[in-house]
Amino acid sequence: MKEKNCDVLVLGGGGAGLVAGVRAAEAGKKVTVLEKAGFFGGGMLFASTMRIFKSKWQAERNIPDQSVKFMREMMDLTMWQLDAELVKRAIYSTGEFFDWYSEHETKENMAKYEPRPYVFDIPVNGQVCPQVDKFHNGSGKLFVNAMLSYGKELGVEFLLEHSAKKAVKEGEKIKGIVADTPDGEVLFAFDKLIIASGSWIKNDEIMKKVLPAFLDADVEKNAHQNPAYTGEGITIGEELGAMIDWDSMCLRIMGPLAATGDRSNLDNLAHAEQIILVNEEGNRFVAEPMAPRIDPFSTGHVLLRQPHARSFYVYSKDMLEKIIDSTRENAAKEDTDIFGMPPLPDYEVIYGWMKDAQDKNQAWCAIGDTLNEAAKKIGINPDNLKATIEKYNLCCDKGEDTEFFKASENLIPLKEGPYFIVAGKLSTDGAFGGLRADKNMNVYKADGKSVFDNIYVCGDIASGRHIVDGNVKKQVLNDMSWAVASGFIAGTEAGK
Ligand SMILES: Cc1cc2nc3c(=O)[nH]c(=O)nc-3n(C[C@H](O)[C@H](O)[C@H](O)COP(=O)(O)OP(=O)(O)OC[C@H]3O[C@@H](n4cnc5c(N)ncnc54)[C@H](O)[C@@H]3O)c2cc1C
């Protein structure tokens with residue numbers, strides 16, 4: 001087998017791996033980055049909204065620093081189960097990374113940054129940070145391009161279509177990593193290894209251990225399910241004798257959603273407090289509407305307990321008209337909440353959206369003069385649905401939802417057709433955790449007590465910034481900030 005060697009080998013040329021590799025190269029190391037896909041950047045190409053702390057960019061704009069309050073609150077959120085030294089270093093590294101990146105970014109791109117909190121911190125007046133917030137065209141792509149051009153200047157060897165496959169050992173000594181390349185298998189020997197292969201959502205064996213129900217679920221296709229996310233970082237870690245931190249491995253799942261793509265017209269309607277939601281068997285399973293009440297990053301787990309994780313919003317003409325009326329009073333409020341209810345258009349317009357979807361044979365929408373007809377078209381058990389609606393109508397008549405405790409003012413019976421059924425979507429925003437890191441992003445050995453001094457991990461696959469509570473990820477730092485901060489730390493350490 002052909003052999004190559006380098007000082008620092010990076011597995012994965014996405015957000016974290018590029019930062020780590022370029023940072024190590026800046027310290028004079030000979031760096032090779034192996035990227036499985038035909039392009040660099042991974043999920044980072046799509047990321048846009050972030051948190052950073054203590055950067056010069058913020059100081060120059062007199063933006064007050066909230067890092068102490070933030071760390072305290074995030075450590076409370078994660079019940080002080082995380083290594084506070086790692087959390088602190090990662091949070092400070094967000095700003096260090098940004099200042100370093102700024103030195104290698106063009107003036108034109110730097111001018112695109114505007115001061116705004118991370119999108120989910122807007123309601124709590126969180127830390128103001130630099131944002132380039134165009135969806136799918138934000139700072140993630142800028143980071144990737146800047147790393148590639150600075151890395152080329154530094155002589156980093158960036159290799160596309162090089163998929164790291166397995167570790168080769170001679171006794172206890174690690175000989176290197178074998179990768180599938182366009183020239184066949186190559187053994188890459190190294191002094192230091194940085195594992196940055198991202199999510200493992202496309203590895204069914206891992207998924208069976210972490211969240212088996214996901215494998216049977218009807219899940220929206222999106223960039224978080226990149227076919228490259230096959231989890232070699234975990235299997236190679238295991239071969240090297242690393243601790244696989246199964247308790248930290250999780251998926252973040254959201255739903256039911258109507259928020260994106262083809263169904264987005266119906267997003268506001270799906271948040272109406274009066275709607276009813278059933279599963280594929282035609283049964284209700286929650287007090288509707290679930291997503292606006294519960295953290296939307298947790299609701300997917302409620303949905304996942306339903307058959308195939310499928311869910312359907314059911315409306316009748318009379319219910320729809322009452323929902324539309326109820327939103328008209330919001331006109332003056334300029335409701336801008338993501339779960340808000342701005343005024344809905346007339347019934348005929350909404351009917352038109354649904355009719356249009358049905359006529360285009362969209363599997364997510366069905367209209368029927370009877371419930372039975374609509375249920376059959378969309379694939380819900382019609383008899384159960386009929387029984388469910390009869391029971392629901394009785395609750396409405398009594399003014400008390402004795403099954404799922406919905407607020408009585410939101411109980412509207414479904415009595416007059418046509419009936420409309422719209423499927424909600426289950427979505428994911430990634431799979432996280434795997435190899436536990438210390439504050440230098442050194443990987444823990446299987447004993448969980450000591451670390452390898454020449455193996456590092458960063459990005460989505462690195463554990464240390466989140467806990468898993470009832471399958472739900474609770475984190476101290478958002479994903480792209482963790483990716484660049486942990487990559488910056490790993491690269492700095494590997495460069496020493
Ligand atoms: C659509 C989308 C929007 C997002 N928006 C945001 C946002 O606004 N804010 C935020 O905080 N986060 C966001 N994220 C998350 C953020 O992009 C990720 O957390 C970040 O990219 C993680 O960096 P990473 O290097 O660990 O993974 P990635 O950037 O995905 O890179 C991993 C790389 O490893 C490669 N790889 C995998 N296996 C191998 C192998 N065996 N050999 C070689 N290479 C391999 C992959 O092909 C990939 O290029 C978003 C993600 C997506 C997909």
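Predicted model: local features only at pLDDT ≥ 70, side-chain atom pairs only at ≥ 80, totals over all residues.
**Stop 1: helix H14.** Select residues 347–359.

Now show Ile350, Met354 and Ala357, which are buried. Look down the axis of H14: the buried residues fall within an arc of 60°, so they line one face of the helix. An α-helix has 3.6 residues a turn, so residues three or four places apart point the same way.

Turn to the face away from the buried side. Glu348, Val349, Asp356 and Asp359 are exposed there.

What covers the buried residues? Then step past H14 to Asn361, where phi is positive, near 60°.

**Stop 2: two cis peptide bonds.** Most peptide bonds are trans. Select Glu288 and Pro289: the bond joining them is cis, with omega about -10°. Pro289 sits in the loop between strand S10 (276–278) and helix H11 (290–293).

Next, select Gly417 and Pro418. Their bond is also cis, with omega about 0°. Pro418 is in the loop between helix H16 (382–398) and S13.

**Stop 3: two positive phi values.** Most residues other than glycine have a negative phi. Glu161 has a positive phi of about 55°. Find Glu161 in the loop between strand S5 (157–159) and strand S6 (163–170). Glu161 counts as partly exposed because it has 14 C-beta neighbours inside 10 Å.

Finish at His308, with phi near 55°. His308 lies in the loop between helix H12 (299–303) and strand S11 (311–316). With 16 C-beta neighbours inside 10 Å, His308 counts as partly exposed.

Key. Residues numbered from 1 in each chain as written. Helix = DSSP H or I, 4+ residues; strand = E, 2+ residues; numbered from the N terminus. Expected span 1.5 Å × (residues − 1). Buried ≥ 20, exposed ≤ 12 C-beta atoms within 10 Å, placed from the backbone. Arc of directions from axis to C-beta.
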